[in-house]
Structure formats: structure tokens, C-alpha cells
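This report goes through one protein chain, from single residue pairs to the overall fold. Please keep the sequence and the structure in view while reading.

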Amino acid sequence: MRLLLALLLTVVIGSGAWAQTVQYTTERPRVDEANDPDVLIQRVELTSQYTIIYMRYRSSQKSVFPRNTPRRLPFPLPKDLEEYGRTDGNTITFVASARLYVNQGEKAFKFIRAENIPVERQPNDRRRDVEAGERVDFVAYFERITPGYEVFDLFECSDRNRPGQTCFNFWGVHITNPAKQNRTPPAREPDVQARRTPPPATPTKPAPAPKVEPTPEPEPTPAPAPSVSMKGTVRDAKTKKPIVATVTYQLLSGAESDGNNSADSVLSGRLAGNYQIAAEPLSVYAVTAKAKGYFSQSDTLTVTKADKLRDFDLVPIEAGTKVTLKNIYFNVSKFDLKSESFPELDRLVQLMRENPGMSIRLEGHTDTVGDFDANVELSRNRVNEVKAYLVRKGIAAARIETIGYGPSRPINTNRGLKERPENRRVEMVITKS
């Protein structure tokens, strides 16, 4: 029995199961929609550092699964998620560029590692053979979802235009993840026993002679950590010419992070547009590239033990450019702005302050559900509400046009639950730069 307990203890410690305390567990979480019916989410655990997703894959009796209708997320995907797919039926793998998204792409949480399934970092990487009817349990580790977000999308890869390939994508995974609350620690109770029992008297002794401490030997200097960096090029998205930009970075998590690290910045080079930032190995950074006359661009970069490459192609602020404003929220069938919309609108206010010659047109769109005329009126009221917010922040009303198109300009078929939110949007068109 002792030998068995020792063996179990070794396995548990070796697997890292005791490395962190599980804060919240959701068994068999409710999932609104799944891309592959042969993979299920068994459990989701949240620790202080990870979002841990336990999945189960059961191979179909057929050699190739029938493809489901491709799904899209209501926000642009990083290019690396478009590059991979999987041939189902005999082999499985998990794509390293997978991400968790919350609040329609407001935040993204990157994949860290997987257990019991190969990880695909390049096309044609190794895969795991699966016999027909075989069951495979595997685990995927992601960055910790911010407390307060209780629904997420797991987007592993894109299988559009890839016949016979399916990705492990899930939409609307409901978990327990309450927001943090500021709690005042209870007052410490006085030590009653110590108060009632006086300490014993101590006889007076002559002060001892001062001791002469020997000079300590200097400690050896530890070997420096391996030097890694984040680097890349900042270019004009249209001309592909290098531009000078301010690249701001902030350490989010890692060995040197206390959760309150301040941001710092570097400039990209004038000739080639290159930038380079010294980084800590096994850390996560928030990086933003910003240049005058361009829309800024941000990303979250995970640095391992090698240099992290990330190029930024900035879209110029010029007449005719159209941008969909992310994270603008209204109540259903209403035009009152939710407070979650304010950070995005404040960034637009700052952009217009930095570019005083810029004028814009706000275009409102809805999905096709409901009365056509009512949807046109709703889209018009929503963009007028956005304009009113900008004016209250000091932007001249003459610089902002508004128009409501209602459901007349959809960007997809409007048929699925994942497509309709894409059509409920506010777009900004630069009319004068």
C-alpha cells in the first residue's frame, strides 16, 4: 500500500496537477455550438495562471468525418489561425495558434501547451493515429481568462476551403468565473491568553561585548538568463513601406511580473522600420504599434525561449478608409449605449483629437430579423447616439456624419447565430483626413 501511494504521488507531482490550486471547476459546461461533433468538452478548470480545458475525442467509424458548415467569428482572426487545418478520421492534432475569445473578440487568451495530443506548430507536423471508434482524452492549457468573463469561444483553426478537414472549435462555452471582489481582511483578534498571562520576569544581565563579524565572502554572480527579444517590422499596410512608429510593450505575466508592471516603448527604425525589444523568457507581453497618421494595432505576444517575431502593418488614416468599430454594445432592440462601449469610443475620441483635420461618417447596420423600416430607424438612432457621445467628449458635431442602413447591407447570409452579430455593427468611414 505504501509503495502504491508513493507511486501515485510521483505521478501526480510529475504531471503538474499540484502545481497550482484550482479556483473554479465547471463540469460538462454548456456549449452553444461546436464545429466537430466528435469532440466534447468534459471539464474546464481555472487556476491563478491557466484556463485548463479537458476534452474527449471519439473517432467516427468512417475514415473521414462529414464537414460541418464553416463558422465565422464576429471579429478578424490573426493570420496564423488561417494557416492550419486537420485531416480527420485517422489522425488528430491540436494547433498551437489556438485562442480563447471573450465578448466577441474583446480579449484573446493564447494556447500554452497540451497533454496527450500532438501540438501542430507548422503544417505537416506530427499527428496522432486514432483507430475507428477509439476514444482519446486530452487537455489543452490556455492563459487564464480574466475574472468576470463567464462565456468564451474556443477557436483552434480555420477549416474554410479545406474539404475533409475539421477544427476543434466551440462557440459559447459557459463556465463559472466570477469577477474579483475587493474584500477587507477581518480585524485580527487579540491574543487573550497573552494579555491575561504576564510574561515571566527576566533577570538583568550585563550587556555582552560586541561581536566582530567576519567579512562575508562575495556570493558568486548567477549566470545571466538566456537573452531573447521581440522584434519585427512596422510597415504601411498599403504601400508596404517601412514607417517610424512607437512600439509600446508591457509585461503581463512571467517570472519578473508582479501584476503591476509599467509600460515602456521603443521606436522602429527610420530606414527599415525594424524594432527590437529585450524580453524575459517564458513571459507574456501586450504590444501596441502606433504612428501618426495611422490606426494603431495591438497584440498579445507569448515569448518562449526563442525570439518572437511580429510584424505590424498599420492602416493609414486617409479619406475612404472604412473601419468597423469593435466592442460597441447596445441593449436588444434599443439604442442606449452600454458602458462597455466607452473604452472603444474614448480611443476614437483620442484619434480625432490627434488628427484635427479628420472628419468621419458613422454607418449603422442591423441583421435581417424584424421589420425592415424599424431596423433602419434603429440603426439611425444608434449611430446618432455614438455621435452624441463623441460630441460630449469635445469633438465638433460638424466633423461627424451619420447614416443608418438597417439590414440592407449584410456582410453574410444572416442565417446562423454566429453570423447575425457580425451584421449588427457600427462602421466608421473617413471622409476627410
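## A pair in strand 3

Arg43 counts as partly exposed because its relative accessibility is 21%. The classes are defined by relative accessible area, with buried meaning under 20%, exposed over 50% and partly exposed in between (1.4 Å probe, protein chains only). Glu45 has a relative accessibility of 12%, so Glu45 counts as buried. Glu45 and Arg43 form a salt bridge, and their closest N and O atoms are 3.0 Å apart. A salt bridge here is a side-chain nitrogen of Lys or Arg within 4 Å of a carboxyl oxygen of Asp or Glu.

This is a predicted model, in which local features need pLDDT of at least 70 and side-chain atom pairs count only at pLDDT 80 or more, while totals for chains, interfaces and linings use all residues. Residues are numbered from 1 along each chain as its sequence is written, and side-chain values use heavy atoms, with hydrogens and water left out.

## The chain as a whole

The protein chain contains 5 helices and 25 strands. Helices (H or I, at least four residues) and strands (E, at least two) are DSSP runs, numbered from the N terminus. The protein chain has 433 residues, and 40% of them count as buried. Among contacts with a separation of 6 or more, 68% are between residues 24 or more positions apart; contact means heavy atoms within 4.5 Å.

## Two nonpolar cores

A nonpolar core is a set of buried Ala, Val, Leu, Ile, Met, Phe, Trp, Tyr and Cys residues joined through side-chain atoms within 4.5 Å. In soluble globular proteins, nonpolar side chains tend to be buried together. The largest core here has 31 residues, and those that touch the most other members are Ile53, Met55, Phe94, Phe111, Phe138, Phe142 and Phe152. Several strands each supply at least two residues of this core, including strand 3 (39–46), strand 4 (50–58), strand 8 (107–115) and strand 11 (135–143).

Leaving aside residues up to four places away in sequence, Phe111 touches Phe94, Val95, Ala96, Ala98, Val119, Ala140, Tyr141 and Phe142. A second, separate core has 23 residues, among them Ile328, Ile360, Tyr389 and Leu390.

## Helix 3

Helix 3 has 13 residues and spans 18 Å from its first C-alpha to its last, close to the 18 Å expected at 1.5 Å a residue. The expected span is 1.5 Å times one less than the number of residues. Its buried residues are Glu344, Leu345, Leu348, Val349, Leu351 and Met352. They lie on the same side of helix 3 because they cover an arc of only 160 degrees around the axis, the arc being that of the directions from the helix axis to the C-beta atoms. These buried residues pack against strand 23 (359–365), helix 4 (372–392), strand 24 (400–406) and strand 25 (425–432).

Arg347 forms a salt bridge with Glu344, with the closest N and O atoms 2.9 Å apart. The two residues both lie in helix 3, 3 residues apart, about one turn of the helix.

## Other salt bridges

The structure holds 16 salt bridges. In one of them, Lys290 pairs with Glu354, the closest N and O atoms being 3.2 Å apart. This pair links distant parts of the chain, with Lys290 in strand 18 (residues 283–290) and Glu354 in helix 3 (residues 342–354), 64 residues apart. Lys322, Arg361, Glu363, Arg425 and Glu427 are linked in a network of salt bridges.
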